[in-house]
Number of protein chains: 2
Amino acid sequence: MTLSFEVTSRSGMARRGVLTTPHGVVQTPAFMPVGTLGAVKGLGPADLESLGAEIMLSNLYHLVLRPGIDILEELGGLHRFNGWSGPILTDSGGFQVFSLSSLREVDASGVTFRSHLDGSSHRFTPHDVVRWQARMGVDIAMVLDECPPWPVSEELAAESLARTLNWARSARDTDPTGLGGLFGIVQGSTYRRLRDRAVAELVAMEFDGYAIGGVSVGEPGEDRRRAVEWSTPGLPEEKPRYLMGVGYPDDIRHAVTHGIDLFDCVLPARSGRHGLLFTREGEIRIKNARYRTDPLPLDSSCQCTTCRSTSRAFIHHLMRQDPLTAKVLCTVHNLRFYLDFMEDLRNAIAAGELTH
Amino acid sequence: MTLSFEVTSRSGMARRGVLTTPHGVVQTPAFMPVGTLGAVKGLGPADLESLGAEIMLSNLYHLVLRPGIDILEELGGLHRFNGWSGPILTDSGGFQVFSLSSLREVDASGVTFRSHLDGSSHRFTPHDVVRWQARMGVDIAMVLDECPPWPVSEELAAESLARTLNWARSARDTDPTGLGGLFGIVQGSTYRRLRDRAVAELVAMEFDGYAIGGVSVGEPGEDRRRAVEWSTPGLPEEKPRYLMGVGYPDDIRHAVTHGIDLFDCVLPARSGRHGLLFTREGEIRIKNARYRTDPLPLDSSCQCTTCRSTSRAFIHHLMRQDPLTAKVLCTVHNLRFYLDFMEDLRNAIAAGELTH
């Protein structure tokens with residue numbers, strides 16, 4: 001294990017830090033663009049680097065189905081495969097197994113399911129999921145977890161959490177050779193008792209970092225924010241913390257003020273592909289007819305290549321006439337907006353100015 | 001008119017030169033990436049600049065239909081609209097009117113047709129086509145021409161050429177204020193007598209440059225090459241020459257050896273989007289199963305961002321699982337291949353080593 005984390009400044013419960021991985025250093029709090037199949041849709045690894053991303057996320061579930069772990073290992077690992085030379089975090093596939101696949105059967109030692117692509121049968125166990133991530137050579141691996149839907153009864157959430165904690169133990173006992181580090185995942189749905197239990201047991205297992213999962217599954221924002229507020233006080237100060245799949249800038253800001261260090265979300269890229277742009281003056285829907293002759297950049301304060309060279313009128317035109325190009329240009333802008341947003345948060349923490 | 005052209009070295013009939021336009025300098029022989037609607041599909045203007053393109057082409061026909069000349073003028077011209085700060089050549093729409101639109105009616109003074117998008121009626125005249133390009137502020141404008149299909153009888157080709165030459169005269173008499181320069185277009189199908197007549201009459205009209213049109217319309221390569229061989233000896237040495245819509249590297253090389261300076265073709269970008277890649281070792285179809293585990297770059301000698309960072313195996317994977325990203329990465333490579341190919345030709349001319 002070669003992951004290390006250092007908190008360099010604090011503002012309230014928020015922390016600014018440096019996460020050192022086998023493939024480089026990440027300034028935290030950080031946003032990880034999502035490259036489900038190895039690439040952020042529409043961008044090559046060089047584009048992601050130009051944007052200033054320091055770490056990316058990729059999805060184990062999708063990579064297991066295509067191209068498969070054997071091919072990834074034969075080709076020298078995920079970094080060699082996708083050409084991204086910086087740090088990579090892979091999720092464990094837990095979320096996708098419970099949201100995308102069909103005919104799931106969960107048992108004490110793993111989950112069997114059918115691929116959403118071709119119906120083929122697959123089995124994920126806590127042990128295999130760690131080894132697969134190790135064979136891909138990722139910097140940060142996640143344990144296999146069960147991600148219950150929302151809402152769920154406390155009884156079912158408790159049963160699910162018990163399995164998830166057993167799986168975490170099994171993952172922790174797996175040979176980590178090849179990994180930078182392994183994170184545990186706090187589940188427990190909207191129940192404080194369960195979230196507290198998850199934090200206590202996972203911390204006792206001494207992971208290299210801790211994620212908060214089971215959020216961004218349709219719950220009200222209040223529940224999402226409580227999951228963070230309940231969990232972070234019990235997590236060790238010296239380990240990185242990751243809020244999975246969140247989200248909107250307001251939710252990210254809230255989580256950062258409660259001490260979260262890492263984020264991922266498909267939102268900026270997916271919204272960009274649909275013409276929904278994040279700007280410092282609010283969201284804009286570029287397909288709207290009001291932008292047909294608007295000569296301004298998407299965001300006048302943004303330094304991304306899209307904003308430095310083109311106008312809302314041009315993006316509006318492309319979104320209708322040449323959507324391939326529009327999707328790429330809008331993805332670039334939205335990711336840059338998120339990366340800039342994180343930089344602003346880091347600077348606010350360093351200045352001691354980030355409070356609830 | 002502010003276009004100027006200087007031949008700096010020769011090898012046989014091939015010439016290396018410098019074309020100076022209101023928006024910058026172009027080393028010739030040059031390839032112009034095609035941005036039909038203002039952008040090369042999948043690439044922003046910054047990407048095109050990074051690739052080393054010095055000039056791009058855009059299509060008047062498409063821009064007239066969407067967003068329309070009024071909007072382009074209101075927004076400050078095509079350069080302000082699409083964010084490309086280098087030289088732009090626009091075609092006249094002649095080719096598209098005769099290949100894309102329906103219900104065409106040609107008369108002595110222009111052509112009336114229905115849009116391929118929505119059936120709306122439009123009329124192009126030689127005068128309007130020049131003024132539209134001037135209002136967009138393009139560096140090089142093309143005269144309206146009639147592009148007969150292949151094959152066509154000599155009688156019909158002669159009638160069509162007579163109209164095209166009259167239109168060229170009408171274009172030449174139009175106020176060029178706002179343009180860098182205006183090129184005439186040599187038509188005449190596969191008939192030497194007609195091509196010779198076109199060259200003689202157009203040269204007498206003293207255009208700023210001369211294009212060879214009516215090729216890449218399905219004719220055998222032999223006819224395409226003869227159109228070049230017949231025309232260039234009659235064109236003035238001191239003016240730039242442009243072979244429209246061509247094409248494959250072999251055809252470009254042949255045309256360069258006969259003194260052509262400018263090229264455009266959708267081939268590299270369109271082929272890239274379909275996974276057909278040009279490499280120094282020949283064409284490869286990246287969807288082919290043989291590339292599933294191929295760790296080599298698309299082209300080991302290529303310095304494009306795709307080849308420097310990713311493998312054939314990754315592009316193969318993306319072409320199947322994430323085609324948006326694959327299309328962008330393959331377009332980048334193919335355009336870089338063409339731009340490198342042109343640079344090699346320029347260097348061969350400078351070294352006096354480019355012969356038939």
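Chain B gives 35 residues to the contact, and chain A gives 35 residues. The model is predicted. Several helices of chain B each supply at least two residues of the side that touches chain A. They are tabulated here.

| Helix of chain B | Residues |
|---|---|
| Helix 1 | 45–51 |
| Helix 3 | 69–74 |
| Helix 4 | 78–82 |
| Helix 12 | 305–309 |
| Helix 13 | 312–321 |
| Helix 14 | 323–350 |

On the side of chain B that touches chain A, 16 residues are nonpolar, 14 are polar and five are charged.

Next, the symmetry. Chain B superposes on chain A by a rotation of 180°, with 0.0 Å of shift along the axis and an RMSD of 0.0 Å. The two copies are therefore related as by a two-fold rotation axis. Leu324(B) has the C-alpha nearest the axis in chain B, 3.6 Å from it. Both copies use the same surface: 100% of the contact residues of chain B recur in chain A.

Now the packing inside chain A. The axes of helix 8 (residues 192–205) and helix 9 (residues 221–231) of chain A come within 10 Å and cross at roughly 45°. Angles of 65 to 115 degrees would count as roughly perpendicular and those under 35 as roughly parallel, so helix 8 of chain A is oblique to helix 9 of chain A. Their crossing is right-handed. Helix 8 of chain A makes the contact through Arg192(A), Arg195(A), Asp196(A) and Val199(A). Helix 9 of chain A uses Ala227(A), Trp230(A) and Ser231(A). Across this contact, three residues are nonpolar, one is polar and three are charged.

Note on methods:
Residues are numbered from 1 along each chain as its sequence is written. Chains are lettered from A and ligands numbered from 1 in the order in which they are written. This is a predicted model: local features need pLDDT of at least 70, side-chain atom pairs count only at pLDDT 80 or more; totals for chains, interfaces and linings use all residues. Copies are superposed by least squares on the C-alpha atoms of residues with pLDDT of at least 70 in both. Two residues are in contact if their C-beta atoms, placed from the backbone, lie within 7 Å. Axes are lines fitted to C-alpha atoms, for helices over the stretch in contact, and angles run from 0 to 180 degrees between N-to-C directions. Helices (H or I, at least four residues) and strands (E, at least two) are DSSP runs, numbered from the N terminus. Angles under 35 degrees count as roughly parallel, over 145 as roughly antiparallel, 65 to 115 as roughly perpendicular and the rest as oblique. A crossing is left-handed if the near helix is turned anticlockwise from the far one by less than a right angle, and right-handed if clockwise. Ala, Val, Leu, Ile, Met, Phe, Trp, Tyr, Cys and Pro count as nonpolar, Asp, Glu, Lys and Arg as charged, and the others, Gly among them, as polar.
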